[in-house]
Amino acid sequence: MAGIGPVEPEPPSGDGTPHTPAHTDTLWAGSPNSRHLYERWAAFPPHLRRTLQALLAAAAITGAYAYTALTTTPAAPTPTPWPSQVTFLHYEGTGPPDPHHPRTATFRFTVSVRDTHSVTIRQVRAGLPGLSAHAIPAPPLTVKGGAPKPLTVRISVYKCTALPPGFTLPHLDLGLRNRQAQQQHSYLFGGAFPRDLATYLHDACGPRTGHSGPPHGPRTDLTRK
């Protein structure tokens, strides 16, 4: 109903008889229109009624699905972080010396990944000139989120004269890869690892080498897959 104002009674017709309500199409139970539609529906053969019922049901389901698809906003996928953002390298201390390689020192680490996707270590390199690194287990090493793995790195000096007189960036360079990218990331350390590395270099090459300051920020080269 549309309009503004109170509802007023309609005045009588010119001959004094009340107005006859206009015919409507309201289908209430027992109305002539509803009986007429029921009679027409009942007149259809049974197989035709079943076919029409199936078509009406399919149309209702299709309409509901289309409405849901149009009104539902798909959730945006969560981006995968860079491997260096979720991969952590914790120094555990030195390992036993290798009697067959007296110029080699063993350093123990734990690798952990804080992500649902795994990270693969593809390469491990010593961070100073004149040094070589050998990782155990050998790369590639895949680390799953929530499942840390031990990593042993044997560092050897192959050229003492290439070492800097004092180093301020004791680090390891790791090649990392996950679903997002592959990276060369430098893990820098303070505390025990620089001291242990300096002790090893002093024993192997003499007093010209040694740790001479705190580490600076990490260096990272990014390469998206």
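Is Ser156 buried or exposed? At 19% relative accessibility it counts as buried, where buried means under 20% relative accessible area, exposed over 50% and partly exposed in between, with a 1.4 Å probe and protein chains only. This is a predicted model, so to speak of local features a pLDDT of at least 70 is needed, side-chain atom pairs count only at pLDDT 80 or more, and totals for chains, interfaces and linings use all residues. Residues are numbered from 1 along each chain as its sequence is written, and side-chain values use heavy atoms, with hydrogens and water left out.

Ser156 sits in strand β6, which covers residues 149–157; strands (E, at least two residues) and helices (H or I, at least four) are DSSP runs, numbered from the N terminus. Leaving aside residues up to four places away in sequence, Ser156 touches Arg103, Thr104, Gly130, Leu131, Ser132 and Tyr200, contact being heavy atoms within 4.5 Å. With one of these, Thr104, the Ser156 side chain also makes a side-chain polar contact of 2.6 Å. Such a contact is a pair of N or O atoms within 3.5 Å; within protein, one must be able to donate a hydrogen and the other to accept it, and residues adjacent in sequence count only if both atoms are side-chain atoms.

Now for the sheet around β6. Its four strands run in the order β1-β2-β6-β4, giving an open, antiparallel sheet; two strands pair if DSSP finds at least two bridges between them. At the edges are β1 (87–94) and β4 (131–136), each of which pairs on one side only. Neighbouring strands are turned by 30 degrees against each other on average, direction ignored; axes here are lines fitted to C-alpha atoms, for helices over the stretch in contact, and angles run from 0 to 180 degrees between N-to-C directions. Between the antiparallel β4 and β6 there are six bridges, and Ala133 has Ile155 of β6 as its bridge partner. Helix α4 (residues 192–205) packs on this sheet and touches β1, β2 (104–113), β4 and β6, its direction making about 30 degrees with that of β6.

The structure has one disulfide, defined as a pair of cysteine sulfur atoms within 2.5 Å. It links Cys160 to Cys205, with 1.9 Å from S to S, and is left-handed, at -70 degrees about the S-S bond. Cys160 lies in the loop between β6 and β7 (171–177) and Cys205 in helix α4, so the pair ties together parts 45 residues apart in sequence. Cys160 counts as buried at 19% relative accessibility, and Cys205 does so at 16%.
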